[in-house]
Amino acid sequence: MPTPPPLQGILETAVYVDDLEKAHAFYAGVIGLKRMVGGDRLCAYDAGPGETLLVFARGQTIEDTVTDGGVIPGHHSDGPAHFAFRIAADQLDPWRAHLAACGVTLRSEVVWPAGGTSLYVDDPDGNVVEFAAPPLWANFMG
């Protein structure tokens with residue numbers, strides 16, 4: 001097999017929700033993400049330099065979407081998804097305290113073999129949101 005061209009990272013991560021307003025209250029209000037685009041079928045949030053969290057209204061993206069620039073293939077998810085925010089190791093306690101102050105229940109906490117820690121919470125639709133501190137993966141060591 002030929003060698004693929006290089007990637008520069010993941011630009012977008014997507015989750016699907018039943019209520020965009022509840023999701024916005026969580027992602028903007030609790031997590032502090034800035035909404036870049038809002039609408040009836042999706043919200044796009046600035047999740048860090050060059051990274052975007054797409055929050056889609058469940059069932060609104062199943063069909064192809066025709067735009068002036070081309071066709072966006074349909075996509076969807078029926079069950080809960082998972083993704084992780086990257087945080088600094090010294091921000092674990094501030095995140096624990098912030099989530100508790102916002103009434104968000106810490107679902108789980110994992111200390112990884114490499115020494116990093118992950119905090120897990122659910123968004124209002126049951127998507128599993130992780131806050132991961134290094135070291136964790138070989139490409140996320142600090």
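## Notebook: strands, core and pocket

I started with strand 8 (residues 108-111), which pairs with strand 9 in the antiparallel sense over four bridges. For my own record, helices (H or I, at least four residues) and strands (E, at least two) are DSSP runs, numbered from the N terminus, and two strands pair if DSSP finds at least two bridges between them. This is a predicted model, where local features need pLDDT of at least 70, side-chain atom pairs count only at pLDDT 80 or more, and totals for chains, interfaces and linings use all residues. Residues are numbered from 1 along each chain as its sequence is written, and side-chain values use heavy atoms, with hydrogens and water left out.

Which residue of strand 9 is the bridge partner of Glu109? I found Leu119 there. Strand 8 and strand 9 make a hairpin with five residues between them, and Gly115 in that turn has a positive phi of about 115 degrees.

I then followed strand 9 into strand 10, an antiparallel pair over six bridges. Val121 sits opposite Val129 of strand 10. This hairpin has five residues between its strands, and the turn holds Gly126 with a positive phi of about 90 degrees.

I also checked burial, with buried meaning under 20% relative accessible area, exposed over 50% and partly exposed in between (1.4 Å probe, protein chains only). Strand 9 is largely enclosed by the rest of the structure, because five of its six residues are buried.

I stepped back and counted two helices and ten strands. From the N terminus on, the order is β-α-β-β-β-β-β-β-α-β-β-β. The C-alpha atoms fill a box of roughly 45 × 45 × 25 Å along the principal axes. Of the 142 residues, 33% count as buried. I looked at contacts too (heavy atoms within 4.5 Å): of those with a separation of 6 or more, 45% join residues 24 or more positions apart.

Strand 2 (residues 34-38) pairs with strand 3 in the antiparallel sense over four bridges. Arg35 stands opposite Tyr45 of strand 3, and the hairpin of these two strands has three residues between them.

Strand 3 goes on to pair with strand 4, again antiparallel, over five bridges. Here Ala44 has Leu54 of strand 4 as its bridge partner. Five residues lie between the strands of this hairpin, and Gly48 takes a positive phi near 130 degrees. Is strand 3 mostly covered or mostly open? It is mostly covered, with four of its five residues buried.

I looked for nonpolar cores next, meaning sets of buried Ala, Val, Leu, Ile, Met, Phe, Trp, Tyr and Cys residues joined through side-chain atoms within 4.5 Å. The largest has 27 residues, and Tyr27, Ile31, Leu53, Val55 and Phe131 touch the most other members. Elements giving two or more residues to this core include helix 1 (20-30), strand 4 (52-57), helix 2 (92-101) and strand 10 (128-133). Helix 1 gives the largest share, five residues.

Leaving aside neighbours within four places in sequence, its contacts include Val15, Val17, Leu20, Ala23, Tyr27 and Cys43.

Which element gives the largest share of the lining? I got strand 7, with four residues.

Glu63 is in the loop between strand 4 and strand 5 (65-67). Why does Glu63 count as exposed? Its relative accessibility is 61%. Glu63 and His76 are 13 residues apart in sequence, and 9.1 Å apart in space from C-alpha to C-alpha.
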